[in-house]
2 protein chains.
Amino acid sequence: MVDQKIYQASTTAPVNIAVVKYWGKRDAKLNLPTNSSVSVTLSQADLRTHTTAACSASFGPEDSLLLNSSPQDVSGARTQACFRELRSLRSKLEDSSPSLPKLAALPLRIVSENNFPTAAGLASSAAGFAALVRAIANLYELPASPTELSRIARQGSGSACRSLFGGYVAWQMGEQDDGSDSLAVELAPASHWPTLRALILVVSDKQKDTSSTSGMQLTVATSKLFKTRATEVVPEHMALMEKAIKEKDFESFAKVTMAESNSFHATCLDTVPPIFYLNDVSRAAIRAVDSINNKAGKIIAAYTFDAGPNAVIYYEEENTAAVAGVLKGALSSLDGWQAKDIAAQDHSDVDARALGVLKEGLSRVILTSVGEGPIRTEQSLVAANGEPVKK
Amino acid sequence: MVDQKIYQASTTAPVNIAVVKYWGKRDAKLNLPTNSSVSVTLSQADLRTHTTAACSASFGPEDSLLLNSSPQDVSGARTQACFRELRSLRSKLEDSSPSLPKLAALPLRIVSENNFPTAAGLASSAAGFAALVRAIANLYELPASPTELSRIARQGSGSACRSLFGGYVAWQMGEQDDGSDSLAVELAPASHWPTLRALILVVSDKQKDTSSTSGMQLTVATSKLFKTRATEVVPEHMALMEKAIKEKDFESFAKVTMAESNSFHATCLDTVPPIFYLNDVSRAAIRAVDSINNKAGKIIAAYTFDAGPNAVIYYEEENTAAVAGVLKGALSSLDGWQAKDIAAQDHSDVDARALGVLKEGLSRVILTSVGEGPIRTEQSLVAANGEPVKK
């Protein structure tokens, strides 16, 4: 009689927002980047993917993935690579310990939920693949470290490798053709510099114009400025950023963060045809941050933009009033402020035109902070009978 | 008795729109550029500065300049450099021919009129300084060639040196510290390739956020991608552009024109703090041009943007219907179409969202073409009594 038992494990995984940007692959199949990158992991209290990985002979015959109750295609090379690598590690474990149940051969059922809109430019694929890899690794009881798992998550979505850690994370580009040294490492845990805050200005929940994958390869192929960025600008920024994080030097952190965002979007604009992620609302966010810094007489806020128009504004807790409070003063009608107890401040010193554009063009704000890496949870999205839990 | 005679001469001078962009000075005082550039001179039937230079012992005691009936400050180093250089050439002439009237010592009265909005991003300073230098050279009866005068006009406004020629013009950056070899030359007269047309989409007549002069020096000082543009990208584009113009190869001309515009704006975005000239309306113009080219199955239109949001779209006369006609079909309510006899065409194949943004965000269009250099005119803006002609 075949074992019909349902094996399962669950995790949550965080979003990360890069401060030294990943843009460009040297190997598209393995997601090997043209340059190293650094990110800040955001708190899962505000943004997270929750994933349960289950396997059972009663499932199948195919592997399946349900995201926010919608079946997803798992036949793509990226998801397949993650499944294959994780099964391979489980098989080795089973080979060396014959008493272990033979999970590697069973169909997988992955059930996943985001607490934020998918594909809205909020790095959902990073949290999603990190959670998928971490959940299956938990299910398979793999002894692999987060860095070892980062090699697998990277093949699902490049930036996912950074979401296997909390705090401040570097993705070392590596040099090997097989990607074995293209891995994420923790630069510092969240507890090293716990006062970093992030305010996300959500411009639009609409799907992005250009997918990141096709966009970045077009940049590598056509931008005449890209090589300078990858080989000269980013290495300089990596060194400055690692030092800034080590020393909790917000001003240096902020300077590199803003220069990196601009450098990345500059190479997008230099692509043929040009790729635009920043729009007039994004530009207004930049003006507002500049204005806040000018008023403060020093750099207390740093903007960064991924492959979309949403602004992420980093600041330190002690400047909450001068950054988030001032923006709340101008944008209090937006959804999202109620999540945290922040007093609205006078905004008369901030560029009024920029604030007007933000008021018109934002849909909501998200207040969050630096946070932890994936957290194992007993909360399961798969019921005892193996069916996805109904919400 | 002092000679009270009023000496005068008049000229018109054209606007030029660069297709290989000037951005960055290696010497701010002499307006010596960090890279060479190429422009197309636009027809004075549509865009021109008309300038009369007069001098008389009855004027003064100071030099004066009236632009569109408003007195202008002539004490700035740029205008003073032009006056000084032109007077110096006249003095040499007077020294060698003692019978000539002593004009170099007389106060200058310059009266100038643009037939387009000043400082709206329409390269008015280029036409303005070209007309000023050409008019004074005419007044002084200088035997100087346009290339010799370009050395002087460059000191007024860098791009003005290119407006001393018609057709297709290169500004060779030169190597000398004194700027003696930083000069404009004619690559080809308008008659070599007379079928080039330009459609200007005027986004806004408002003054620009950042003046070109401060903007470009900030880019030189802070953009980490700028050096690659100046030393690698532009030299490659210069060679391709000179060949494209020689061979009247529109597709090559268009590719370089669009890549140049994007490369220049990319280095603006890479500036600290970032400089934005393109807005959502500019981006819509880029999408519309891409869409027109995609429909044609080849490149029949090329956009370029100077230090402002206005799009200049180059195309060949034979594609008037597919480019200007299609845009007229979508944007027929705008002012400016009536200037030329162009039939509105079906625009259902062009990105509808982009056309919607253009319809909302443009104030007018200007239809023009490649044109001639400065033209001497007997139409004077200074009356026989020495007073500016009242309009």
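How many salt bridges does the rule find across the interface of chain B and chain A? It finds 2, a salt bridge being a side-chain nitrogen of Lys or Arg within 4 Å of a carboxyl oxygen of Asp or Glu. This is a predicted model, in which local features need pLDDT of at least 70 and side-chain atom pairs count only at pLDDT 80 or more, while totals for chains, interfaces and linings use all residues. Residues are numbered from 1 along each chain as its sequence is written, chains are lettered from A in the order in which they are written, and side-chain values use heavy atoms, without hydrogens and water.

**The interface**

- Chain B and chain A each bring 29 residues to the contact, where contact means heavy atoms within 4.5 Å.
- About 2,500 Å² is buried between the two chains, 56% of it on carbon and sulfur atoms; buried area is the accessible area (1.4 Å probe) that two parts lose on being put together, summed over both.
- Lys224(B), Leu225(B) and Phe276(B) supply 24% of the area that chain B buries against chain A, more than any other three residues.
- Lys224(A) and Glu236(B) form a salt bridge through their side chains, at 3.1 Å from N to O.
- On the side of chain B that touches chain A, helix 5 (226-246), helix 6 (250-269) and helix 7 (280-296) of chain B each supply at least two residues; helices (H or I, at least four residues) and strands (E, at least two) are DSSP runs, numbered from the N terminus.
- Helix 6 of chain B gives the largest share of that side, 7 residues.

**A buried arginine**

- Arg162(A) sits in the loop between helix 3 (146-156) and strand 10 (168-172) of chain A.
- Arg162(A) is buried but has no salt bridge, and the nearest side chain of opposite charge, Asp306(A), is 6.2 Å away; buried means under 20% relative accessible area, exposed over 50%, and partly exposed in between (1.4 Å probe, protein chains only).
- Among the residues that Arg162(A) touches are Asn16(A), Tyr22(A) and Trp171(A).

**Backbone exceptions**

- Most residues other than glycine have a negative phi, and most peptide bonds are trans.
- The peptide bond from Gly60(A) to Pro61(A) is cis, with omega near 15°, and Pro61(A) lies in the loop between strand 6 (48-55) and strand 7 (64-67) of chain A.
- Val272(A) and Pro273(A) are also joined by a cis peptide bond, with omega about -10°.
- Asn31(A) has a positive phi of about 50° and is buried, at a relative accessible area of 0%.
- Asn68(B) has a positive phi near 50° and is partly exposed, at 32% relative accessibility.

Terms used: Lys, Arg positive; Asp, Glu negative; His and termini not counted. Lists of a residue's contacts leave out its neighbours within four places in sequence.
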